[in-house]
Amino acid sequence: MSTTHAGAKRGNPDITWHGFKARSMPEVPSWIESLGRFGHVAKGVVYFIIGFLAFRLAIGAGGELSGSREAIREIGQQPFGRLLLGLVATGLLGYTAWRWVQAIRDTEGAGTDAKGICKRLGYAVSGAAYLSLGCFAGSRALGFGGSSSGSSGSVLLDSSLGRVVLGVAGIVTVGVALYFVYKAYLASFMTKYRLGEMNDTARKVALNAGRIGLSTRAVAFAIIGGFIFVSALRGTADGELAGMSDALAMIAAQAYGKILIGITGFGLMCYAVHMFLMARYRRFNVA
């Protein structure tokens, strides 16, 4: 793709950079922008911790293979841990609210055709997932401990209909992984940035971190989706469903596992950088 800078200056949000141009967005009130930016930071913190712990394990400096809830616990063990957990919980709940607003008010301009409805349903499901994580962080912040049980998975595995639901969920999760690959290849996320407010270095970091981070998430989601689908067919020994830590454990168990888990940890940290840059430079068409 060619680079176009003609008539564009830094500070102009409508510049074109390497063929990427900020797309038009529906108008939203300012409170939606606040939810979105704060939520991106909180999500980035969780992914950075997961990636950092995996990377440390790969280089022999400690660390562990963790998922989102383990990352929340890690935050709680730091100085002022409960305060930090409260901030993360607020951010994740804000991210949940923003995802649901995206779905209901169509703030991304997805539309009402089949493709648009699927996207908006995806926003709603994503919001539900982060609602669970935000509530877990909040309960830890308040000193209630929080629950990490997989009882919902056990309930679904106990019935034929539940297993069908899990099988569909596994297939959908693999489909999401393929979508992440497609999104990384096209780098469509670049059209959400206020490119004119970023210098050239920030744009390059945004492009590369987004592509690496999304590709890494795609690998993890594909593994998780496969685990869920197999669980629907065969059941599990403990009634719990697979998550990020299980995906990382499978990667680590391969030949050259330490190298692969190091690459994966780095990729998840890149995804965190992608989230932080979205928090800073994402375009919101505030009314």
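User: Where is Ala110 found?
Analyst: Ala110 is found in the loop between H3 and helix H4 (114-141); helices (H or I, at least four residues) and strands (E, at least two) are DSSP runs, numbered from the N terminus. This is a predicted model, in which local features need pLDDT of at least 70 and side-chain atom pairs count only at pLDDT 80 or more, while totals for chains, interfaces and linings use all residues. Residues are numbered from 1 along each chain as its sequence is written, and side-chain values use heavy atoms, with hydrogens and water left out.

User: OK, and which residues does Ala110 touch?
Analyst: Leaving aside residues up to four places away in sequence, Ala110 touches Gly116, Lys119 and Arg120, where a contact means heavy atoms within 4.5 Å. The C-alpha atoms of Ala110 and Met25 are 9.7 Å apart, although 85 residues separate the two along the chain.

User: What about H3, what span should it have?
Analyst: Helix H3 (residues 81-105) has 25 residues and should span 36 Å at 1.5 Å a residue, which agrees with the 35 Å between its end C-alpha atoms; the expected span is 1.5 Å times one less than the number of residues. Just after H3, Asp106 takes a positive phi of about 50°.

User: Switching topic: at what angle do H7 and H8 pack?
Analyst: H7 and helix H8 (residues 244-252) pack at about 105°, with their axes 9 Å apart; axes are lines fitted to C-alpha atoms, for helices over the stretch in contact, and angles run from 0 to 180 degrees between N-to-C directions. H7 and H8 are therefore roughly perpendicular to each other, given that angles under 35 degrees count as roughly parallel, over 145 as roughly antiparallel, 65 to 115 as roughly perpendicular and the rest as oblique.

User: Which residues make that contact?
Analyst: From H7 come Val219, Ala220, Ile223, Ile224 and Phe227, and from H8 come Met244, Asp246, Ala247, Met250 and Ile251.

User: And how do H6 and H7 cross?
Analyst: The axes of helix H6 (residues 160-186) and helix H7 (residues 200-234) come within 8 Å and cross at roughly 165°, which makes H6 roughly antiparallel to H7.

User: Last one: what is the mean pLDDT of the protein?
Analyst: The mean pLDDT, the predictor's confidence in each residue from 0 to 100, is 84 for the protein, and 87% of its residues reach 70 or more. Over residues 1-10, however, the pLDDT is below 50, and this stretch has 20 contacts in the model beyond near neighbours in sequence.
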